[in-house]
Amino acid sequence: MSRLTTLLQRHYDAGLLTIALLGLGIGTALYFASGAGPADLAWTWGTIPVLAGLLWQIVRSLQRGDVGLDIVAALSMSAALAFGEPLAGNVVALMYSGGQLLETFAAGRARQEMTALLGRVAHSAMRYTDSTLEEVPIADIMPGDRLLIRHGEVLPVDGHVAGSKAELDMSALTGESIPVQLAPGAEALSGSTLMGAPFDLLVSRPAAESTYAGIVRLVEAAQDSKAPMTRLADRYAIWFLVLTVAMAGAAWALTMDPLRALAVLVVATPCPLILAVPVAIISGMSRTARIGVLVKHGGMLEALAKVETAVLDKTGTLTGGHPEVTDIRAIAGVTADQVLRTAASLDQASSHVVAAALVQAASAAGLRLATPGDVLETAGEGLIGQVDNRPTLVGGHGFVTDQLSEGSFADLATGLPIDAMTVAVAVDGRPYGLIVLQDRVRADAGQSLAALRAAGVNRIVLASGDRGDIAEAIGAELGVDAAFGDLRPEDKLALLHREALPERLVMMVGDGVNDAPALAAADVGVAMGARGAAASSEAAGVVLLVDALAPLAKAITIARRTRRIALESVIVGLGLSFAAMIAAAFGYLPPVQGALLQEVIDVIVILNALRALR
């Protein structure tokens with residue numbers, strides 16, 4: 001439901017409540033001033049508009065195939081007018097319209113966290129054009145553009161910090177309130193707010209493909225969703241409707257007192273089922289969004305509550321997903337900085353992920369890079385070119401070794417870690433140095449897995465496309481239940497099918513395009529989507545807005561609590577309503593008092609459902 005629709009619905013509900021309230025107030029005043037006749041007329045006219053609006057709503061619901069207990073509310077108001085009890089009808093109208101307004105308010109309160117995300121979308125930005133600045137719509141911004149981000153502005157697109165450092169508030173994306181300091185060259189995500197001095201942003205993605213645009217699309221889809229638990233509540237509502245009508249008919253048939261039938265109808269409306277469950281589910285989704293976990297729809301939140309097995313990809317999930325320089329080994333007479341500077345200078349001409357890692361490492365070390373010349377790249381193997389007018393080779397060990405005129409890297413390559421990747425550097429046809437890179441296990445990986453177990457996940461499986469020995473070593477380090485390597489996308493699908501049992505839901509967590517089939521096939525697919533709306537984010541039902549695993553365990557705990565609260569609200573609400581219906585059938589609860597009691601029940605279950613926000 002959009003913000004405008006919610007506002008219009010709230011005004012509509014408030015208008016019906018006002019009519020019912022005026023009818024009750026005027027009718028009561030006329031009763032004491034002029035007697036029952038004029039009062040009955042006022043109470044009747046306080047009921048008819050609400051009944052007409054309800055009937056129109058029922059017709060539209062039936063056209064969509066939805067059957068709910070709003071029908072009982074219409075029956076009770078109609079019966080009250082037909083049986084000459086306009087006061088009872090007016091009270092039901094007042095209670096019903098008040099309940100609708102309360103439900104709309106509660107749903108709006110529950111959606112605040114997700115709606116707050118939508119309200120932060122930037123519409124224009126300051127772009128450098130021929131050394132001047134011009135304000136342009138974000139739709140016109142393209143990769144490679146240079147933008148000026150001013151203090152207090154929301155970043156409109158993803159990009160990299162250029163020039164000076166940037167101090168960003170990323171709480172809208174990650175839930176973390178502490179500002180983050182980004183060094184020059186670091187990635188800055190759209191949706192962040194600049195807290196410090198202005199800086200320049202080099203655009204890396206169009207606005208439509210940026211991180212925040214992807215989040216907005218996911219939020220809009222989540223707001224329009226309907227959980228299976230909600231649909232289940234609708235099915236329960238049909239049976240409760242049948243029970244209500246049967247009890248009302250039996251009370252009338254056995255006592256020949258139509259007021260008992262009316263009292264039964266009155267206390268059965270509106271039903272906690274159609275109020276509590278949607279409010280609880282939306283509250284839970286809003287709560288997970290607040291901690292940086294976007295659940296696409298209510299059905300996925302309910303499935304998340306029942307997860308017992310987690311299959312986790314290694315690269316980008318348990319590890320950082322990008323190689324980092326961990327060691328630099330140089331030949332005698334050459335420093336580590338010289339090796340890194342030479343390699344990074346040549347790698348400026350490459351778009352390979354390893355080249356980007358070397359350039360970033362050199363930038364972080366404050367090295368001044370040379371302009372490469374005569375560069376020739378062999379895709380996936382390495383580069384040949386000129387750095388400082390000296391012939392230079394940078395690439396894989398075999399690629400560089402094959403082109404050496406003398407020497408080898410044997411002495412530099414001893415004692416490497418099992419999961420290490422090396423970049424060989426040669427100058428003037430001779431070995432110059434060896435750069436060691438590793439995709440390190442996240443610092444919080446072990447703690448995050450322990451939190452998943454504490455949240456109720458009793459089996460954790462590591463699934464990786466990397467070598468089997470690397471997967472097993474990392475699995476042993478983290479204490480997972482099983483670890484598998486050398487897996488292709490179809491192998492991950494087969495692994496999911498093996499792990500799945502009818503009574504045990506399986507969650508798949510991944511970040512790459514190759515994880516998309518498994519994410520789509522899992523009972524719950526979780527994408528590490530903090531770095532843009534990739535295929536994995538589109539295929540998954542849950543997206544982590546922060547580049548960390550820790551919030552996932554919290555989201556599972558929230559989902560379990562939300563489901564428990566929804567069931568509590570349904571059971572308590574139906575139990576109280578059923579008890580009131582029995583009392584009404586036996587004549588212990590007149591229609592007017594029954595309507596007041598039912599409203600108390602509705603307030604109780606809605607307030608209980610809103611506990612999911614905490």
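**Briefing**

Arginine 390 is partly exposed, with a relative accessible area of 36%, where partly exposed covers the range between buried (under 20% relative accessible area) and exposed (over 50%), computed with a 1.4 Å probe on protein chains only. This is a predicted model, in which local features need pLDDT of at least 70 and side-chain atom pairs count only at pLDDT 80 or more, while totals for chains, interfaces and linings use all residues. Residues are numbered from 1 along each chain as its sequence is written, and side-chain values use heavy atoms, with hydrogens and water left out. Helices (H or I, at least four residues) and strands (E, at least two) are DSSP runs, numbered from the N terminus.

**Salt bridges**

- The side chain of arginine 390 meets that of aspartate 428 in a salt bridge at 2.7 Å, N to O, the term standing for a side-chain nitrogen of Lys or Arg within 4 Å of a carboxyl oxygen of Asp or Glu.
- Because arginine 390 lies in strand β15 and aspartate 428 in the loop between β16 and β17, this pair ties together parts that are 38 residues apart in sequence; aspartate 428 is partly exposed, at 27% relative accessibility.
- Salt bridges that share partners also join Arg127, Glu134 and Asp145 into one network.
- Across the whole structure, the search finds 17 salt bridges, and one of them links the side chains of arginine 146 and aspartate 200 at 2.9 Å, N to O.
- Arginine 146 lies in strand β3 (residues 146–149) and aspartate 200 in strand β9 (residues 199–203), so their pair ties together parts that are 54 residues apart in sequence.
- In that pair, arginine 146 is partly exposed, with a relative accessible area of 32%, whereas aspartate 200 is buried, with 15%.
- Arginine 329 and aspartate 327 also meet through their side chains in a salt bridge, at 3.0 Å from N to O; arginine 329 counts as buried at 19% relative accessibility, and aspartate 327 as partly exposed at 28%.

**Strand β17 and its partners**

- Strand β17 (residues 430–438) has eight of its nine residues buried, so it is largely enclosed by the rest of the structure.
- β17 pairs in the antiparallel sense with strand β12 (residues 324–330) over six bridges, pairing being assigned if DSSP finds at least two bridges between two strands; within this pairing, leucine 437 in β17 is the bridge partner of valine 325.
- Strand β16 (residues 421–427) runs antiparallel to β17 and is joined to it by seven bridges, and valine 423 has isoleucine 435 in β17 as its bridge partner.
- β16 and β17 form a hairpin with two residues between them, and in the turn aspartate 428 has a positive phi of about 60 degrees.

**Backbone in the loop between β14 and β15**

- Most residues other than glycine have a negative phi.
- Aspartate 388 has a positive phi, near 55 degrees, and is found in the loop between β14 (382–387) and β15 (390–395), where aspartate 388 is partly exposed at 43% relative accessibility.
- Asparagine 389 lies in the loop between β14 and β15 as well, with a positive phi near 65 degrees, and counts as exposed at 75% relative accessibility.

**A buried helix residue**

- Threonine 342, in helix α13 (residues 336–347), is buried, with a relative accessible area of 7%.
- Leaving aside neighbours within four places in sequence, threonine 342 is in contact (heavy atoms within 4.5 Å) with Val387, Thr392, Val425, Val427 and Tyr432.

**Aromatic rings**

- The count comes to three aromatic pairs, a pair being rings of Phe, Tyr and Trp (its six-membered ring) with centres within 6.5 Å, and planes under 30 degrees apart counting as stacked, over 60 as edge-to-face and the rest as tilted.
- Tyrosine 31 and phenylalanine 32 form an edge-to-face pair, with 5.5 Å centre to centre and 85 degrees between the planes; tyrosine 31 is partly exposed at 42% relative accessibility, and phenylalanine 32 is exposed at 69%.
- Ring pairs link Tyr31, Phe32 and Trp43 into a cluster.
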